[in-house]
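Visitor: I would like to learn how to read a structure like this one. Could you walk me through it, one feature at a time?

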Amino acid sequence: MADIQAASPQYPLDGMVAGSALVQITPAAPASRLALRARPDAIAPLSKALAVKLPQEPKTSAQGTAAKTKGRRALWLGPDEWLVIDESGADLMAACQGAGGTFSAVDVSNRNTAIIVSGPAAEAVISAGCPQDLSLKAFAVGACARTLLGKTEVVLLREEADVFRVECWRSFSAYAFAFLAEALRDPMV
Amino acid sequence: MLLIYCPYCKEERPEIEFRHAGEAHIARPTDIKAISDEDFEGFFFIRSNPKGIAFERWRHVHGCGRFFNAVRDTVSDKIIMTYEAGKPRPSDEEIQARLKELAL
Ligand SMILES: [Zn+2]
């Protein structure tokens, strides 16, 4: 009989670093991630099970409601779709096991990886490849959206006024990192 | 770049996040094996392709991922209005009112 084998996670951005006096580009810490699709009847049970209120407004995210889940975030991606991110090593699949309502949860912890872009020029660097209006007025702290960065699809989250989290698929991450590192050389940045 | 209003994201987003997905309001026959070859051809291949007001499906593929419908003028390439998938085709009066609003 075949042995059950678990693939070990890869961190393709390990050790990479780029930056200038105005911006730092670094790989984010490993995280547990959940791709959630849920019917309205599952929103409240899932919010309780994950201890983070699933936001229902477009372009918004929410942080954990319990002390233990403070660092956990739920990002609105679509009218019935969320990305949940947790850097504390929590087992998100176990957390939503048995929650009521109709939903699907897929563990995408290692499908995605993330890049943190921070500093006064963070917005300008991301704007080099993102078509959305990223001014604070249009894209406030806590705002998030699935969008594009250069030729790749990303999920963008503004964690602080000058800190962005760029979630991208692992296989595109080297491109995304190189794109951002190249963008900071632009004289406009 | 065009800005397209996504009825699910409830705001205008850059065109590059969207993809055109053919003519809207084409209902798949409920008993497709019962229809004639000519009717199937009509359903499957024949599109109205009007000059002027067209009803189209679009998808916010690099955004919320949802399909929705748009009323677009194929002459000016202006999108007059967008609405959620499953909603009925807007009436001529609604389109005219919207055109007036946009001063097109
Ligand atoms: Zn949308």
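Guide: Gladly! Please keep in mind that this is a predicted model. Let us begin with salt bridges. The general idea is that side chains of opposite charge can pair when their charged atoms come close. In this structure the rule gives 19 salt bridges over all chains.

Visitor: Which residue forms a salt bridge with Asp80(A)?

Guide: That partner is Arg66(B), with N and O 2.5 Å apart. The pair crosses between chains: Arg66(B) sits in the loop between strand 4 and strand 5 of chain B, and Asp80(A) in the loop between strand 5 and strand 6 of chain A.

Visitor: How many salt bridges does the rule find across the interface of chain A and chain B?

Guide: The rule finds three across that interface. Another salt bridge to look at joins Glu11(B) to Lys59(A), where the closest N and O atoms are 2.8 Å apart. The interface of chain A and chain B also holds eight residue pairs in polar contact, both residues being at pLDDT 80 or more.

Visitor: Which elements of chain A give two or more residues to the side that touches chain B?

Guide: Look for strand 5 (73-78) and strand 9 (144-149) of chain A. Strand 9 gives the most to that side of chain A, namely four residues. Sorted by class, the side of chain A that touches chain B has seven nonpolar, three polar and six charged residues.

Visitor: How many residues of each chain are in contact there?

Guide: Chain A brings 16 residues into contact with 15 residues of chain B. About 1,100 Å² is buried between the two chains, and carbon and sulfur atoms give 53% of that area.

Visitor: Now I would like to understand sheets. How do I read one?

Guide: Here is the general idea: strands of a sheet pair through backbone hydrogen bonds, either parallel or antiparallel. In chain A, take the open sheet of five strands, whose order is 4-5-6-3-7 and whose pairing is antiparallel.

Visitor: Why is one side of strand 4 and of strand 7 of chain A left without a neighbour in the sheet?

Guide: Strand 4 (61-63) and strand 7 (103-107) of chain A stand at the edges and have a single partner strand each, so one side of each has no neighbour in the sheet. On average, neighbouring strands of this sheet are turned by 20° against each other, direction ignored.

Visitor: What does the secondary structure of chain B come to?

Guide: Chain B has two helices and six strands, and along the sequence they follow the pattern β-β-β-α-β-β-β-α. The C-alpha atoms of chain B fill a box of roughly 45 × 30 × 20 Å, taken along the principal axes.

Visitor: Which order do the strands take in the open sheet of chain B?

Guide: The four strands are ordered 3-4-5-6, with antiparallel pairing. Strand 3 (19-23) and strand 6 (79-84) of chain B are the edge strands, each pairing on one side only. From one strand to the next, the twist averages 35°. Inside this sheet, seven bridges pair strand 4 (residues 53-59) with strand 5 (residues 67-73) of chain B in the antiparallel sense, and Trp58(B) stands opposite Phe68(B) of strand 5. Helix 2 (residues 92-102) of chain B lies across strand 4, strand 5 and strand 6, running at about 125° to strand 6 of chain B.

Visitor: And what about strand 1 and strand 2 of chain B: how many bridges pair them?

Guide: Four bridges pair strand 1 (residues 3-6) with strand 2 (residues 11-14) of chain B in the antiparallel sense. Cys6(B) stands opposite Glu11(B) in strand 2. This hairpin has four residues between the strands, and Lys10(B) takes a positive phi near 60°.

Visitor: Could we finish with a single residue?

Guide: Let us pick Asp73(B), which lies in strand 5 of chain B. Leaving aside its neighbours within four places in sequence, Asp73(B) is in contact with Gly52(B), Lys78(B) and Ile80(B). A polar atom of the Asp73(B) side chain lies 3.4 Å from the backbone nitrogen of Ser76(B).

Key. Residues are numbered from 1 along each chain as its sequence is written. Chains are lettered from A and ligands numbered from 1 in the order in which they are written. This is a predicted model: local features need pLDDT of at least 70, side-chain atom pairs count only at pLDDT 80 or more; totals for chains, interfaces and linings use all residues. Side-chain values use heavy atoms; hydrogens and water are left out. Contact means heavy atoms within 4.5 Å. Buried area is the accessible area (1.4 Å probe) that two parts lose on being put together, summed over both. A salt bridge is a side-chain nitrogen of Lys or Arg within 4 Å of a carboxyl oxygen of Asp or Glu. A polar contact is a pair of N or O atoms within 3.5 Å; within protein, one must be able to donate a hydrogen and the other to accept it, and residues adjacent in sequence count only if both atoms are side-chain atoms. Ala, Val, Leu, Ile, Met, Phe, Trp, Tyr, Cys and Pro count as nonpolar, Asp, Glu, Lys and Arg as charged, and the others, Gly among them, as polar. Two strands pair if DSSP finds at least two bridges between them. Axes are lines fitted to C-alpha atoms, for helices over the stretch in contact, and angles run from 0 to 180 degrees between N-to-C directions.
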